[in-house]
Amino acid sequence: MTSETITADAAGTWTLGDLTVHRIGFGAMRLTGSAAFHHGTPSDRQRSITVLRRAIELGVDHIDTAAFYFSSLRSANEIINSALSPYPDDLVIAAKVGPFRDWTGEWGTSARPEDLRGHVEENLRQLGRDHLDLVYLRRMRQDSVAEHFGALAELRDKGLIRHLGISDVEPRHLAEAQAIAPVVSVQNRFGLDSRNRVTDEVLRICGEQGIAFVPFYAIAGDAGPEGATTAHDEAVLAVARAHDATPAQVRLAWTLAQGPHVLAIPGTGNPGHLAENIAAGALRLTADELSTLNSLHHKAG
């Protein structure tokens, strides 16, 4: 694949409420360092700015971020603001609230419903915006999301948020949130080698209801926040060789093939990897290849 000449248009589009985005977007988690959160070493700030600007040049119009994405030297939101403000009119920025990190970087207790306005306003301040296009409530093990999601719905009514999503949920949480306000997107951990039957059901429900499903760690696999996995099954390597692609591109292509409502938000601080990730939107797997990879996913459960 000739990655440098392929843009996000190749992946097609999906609509989040009234906002149309390309199905390949960008996750900001790795802008801050060699690995997310407190792992790894802080990034070169100018390199991260270059990656963001290049992402826009390659047609990315959907960026996923959070105020708790920061390292000892870098804040993802600040880098986004510095690189892209004034923002393109068609750029959709999604943020997550629920998890909390104090000023030292240590994880605090998850937000209470009354804390969420402050968390939304912190994202707005860092990004230099007067509203957020999409805000996810990241469930933090609570049995019910009603009170927290209701607090975000109130902020939506006040104009601070345009659309709402939920993250790390089961079907019952989706139904609970929908009884309060429309849900345009769901984020759960999902990937070729990380199967969860509950998440598979959420994926199916989202497809039936026209809700975007936006998996995280689709490339990272078991490595999670520490970086992309290097443990690739021989079947993945064989598909990659057949398409002159990388294993990461195969993982992304398989993810997008799970349904037209599935979006990808791969993150990187490397300009070369950025181009490869976006080019994965043009990779079309054969029926036999999809069958083989689907079997791997089912075995992962």
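Which residue of β8 stands opposite Gly 165? In this predicted model, local features require pLDDT of at least 70 and side-chain atom pairs count only at pLDDT 80 or more, whereas totals for chains, interfaces and linings use all residues. Residues are numbered from 1 along each chain as its sequence is written, and side-chain values use heavy atoms, with hydrogens and water left out.

The residue opposite Gly 165 is Ser 185. Strands β7 (residues 161–167) and β8 (residues 185–187) run parallel and are joined by three bridges; pairing requires at least two bridges found by DSSP. Helices (H or I, at least four residues) and strands (E, at least two) are DSSP runs numbered from the N terminus. Seven strands, in the order β3-β4-β5-β6-β7-β8-β9, form an open sheet with parallel pairing. Because β3 (26–27) and β9 (212–213) each have a single partner strand, one side of each lacks a neighbour in the sheet.

Five aromatic pairs are found in the whole structure; rings of Phe, Tyr and Trp (its six-membered ring) pair if their centres lie within 6.5 Å, with planes under 30 degrees apart counted as stacked, over 60 as edge-to-face and the rest as tilted. Phe 68 and Tyr 69 form an edge-to-face pair, with ring centres 5.4 Å apart and planes at 85 degrees. Phe 190 and Phe 213 are likewise edge-to-face, at 5.6 Å and 90 degrees. This pair links distant parts of the chain, Phe 190 lying in the loop between β8 and α6 (197–209) and Phe 213 in strand β9, 23 residues apart. Phe 68, Tyr 69 and Trp 107 form one aromatic cluster.
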